[in-house]
Amino acid sequence: MKEIILDHPLVTHKLSILRDKNTGTKEFREIISEIAILLCYEATKDATLDDITIETPLTKYDTKKLNEDKYAFVPILRAGMSMVDGIIKVIPNAKIGHIGLYRNEKTLEPVEYYYKMPDKIEEREVFVLDPMLATGGSAIATINRLKKDGVKKIKFLCIIASPEGIEKLKNAHNDVQIYCACKDKCLNENGYILPGLGDAGDRVYGTK
């Protein structure tokens, strides 16, 4: 699967504000939410619609409608929660699951500490949300867990991705489409994306 990167002047503009170390918490949260809306728009271009008949003020009309109930959003805690406010405006009746992961200091592998999904998650199309795709470890662990529960249609949405993270995720799950606002240059020696925007979770929640 080829990654889909948003290529739009508005996205470039908003990313420039996100990257700026002087951007405050409130504005940072708002822009993450706005870009999440645009990512969701792109990720639903292949959505299937159900045939319905409605009545306009003048006549009956045959049209189509999205079955919102078949979607679920799964933010990776904690930074992924910053994308939920925006994306839920696009598909407000989608269900929301949560997964929490931390990195084992010795093995550097992600360890799951929380997992709660909506009923019948295996029947839904799932959008995994995380602002940063850096090493790819958390994304892969999350998708492994969802597939273990029988989920068959998964998309991964992020704000910024590293080339290394994209390749690692594609190699692990080549059936998962990746949507990102920008593909950055590389990872540094500490696993941070360059030029990046710092630690998204810390900047969203003002913890650093």
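Visitor: Leaving aside its neighbours within four places in sequence, which residues is D130 in contact with?
Guide: Keep in mind that this is a predicted model. In it, D130 is in contact with I76, A79, G80, M83, F156, L157, C158 and I159.

Visitor: Where does D130 lie?
Guide: You'll find D130 in the loop between β8 and β9, the latter being residues 132–133.

Visitor: And what is the nearest side chain of opposite charge to D130?
Guide: That's R78, 9.6 Å away. D130 is buried, yet it has no salt bridge.

Visitor: OK, pockets. Which residues lie nearest the centre of the largest pocket?
Guide: D130 turns up again there, along with R103, A134, S138 and D199. The lining has 37 residues, and the pocket's volume is about 950 Å³.

Visitor: Which element gives the largest share of that lining?
Guide: Helix α4 does, with six residues.

Visitor: Switching topic: how many residues are in the largest nonpolar core?
Guide: It has 35, and the ones with the most contacts inside it are L15, L18, F127, L157 and I159. Among the elements giving two or more residues are α1 (9–19), α2 (25–43) and β10 (153–161). α2 gives the most, with eight residues.

Visitor: What does I159 touch, skipping residues up to four places away in sequence?
Guide: Its contacts include L15, L18, I32, I35, A36 and L39, and D130 is one of them too. There's also a second, separate core of 25 residues, including V128, A161, L169 and I178.

Visitor: Now salt bridges. How many are there?
Guide: The count comes to 17. One of them joins the side chains of E30 and K26, at 2.6 Å from N to O. Those two are four residues apart in helix α2, so about one helical turn separates them.

Visitor: Is K26 buried or exposed?
Guide: K26 counts as exposed, at 60% relative accessibility, while E30 is partly exposed at 35%.

Visitor: Which residue does D46 form a salt bridge with?
Guide: K155, with the closest N and O atoms 2.7 Å apart. This pair links distant parts of the chain, 109 residues apart: D46 is in the loop between α2 and β2, and K155 is in strand β10.

Visitor: Is K155 buried or exposed?
Guide: K155 has a relative accessible area of 4%, so it counts as buried. D46 is partly exposed, at 43%.

How values were computed. Residues are numbered from 1 along each chain as its sequence is written. This is a predicted model: local features need pLDDT of at least 70, side-chain atom pairs count only at pLDDT 80 or more; totals for chains, interfaces and linings use all residues. Side-chain values use heavy atoms; hydrogens and water are left out. A nonpolar core is a set of buried Ala, Val, Leu, Ile, Met, Phe, Trp, Tyr and Cys residues joined through side-chain atoms within 4.5 Å. Buried means under 20% relative accessible area, exposed over 50%, partly exposed in between (1.4 Å probe, protein chains only). Contact means heavy atoms within 4.5 Å. Lys and Arg count as positive and Asp and Glu as negative; His and the chain ends are not counted. A salt bridge is a side-chain nitrogen of Lys or Arg within 4 Å of a carboxyl oxygen of Asp or Glu. On a 1 Å grid over the protein atoms alone, a cavity is a set of points where a 1.4 Å probe fits but cannot get out, and a pocket is an open set with protein on both sides within 12 Å along at least five of seven lines; lining residues have an atom within 4 Å of a point. Grid points are joined across faces, edges and corners, and a volume is the space filled by probe spheres set on the points.
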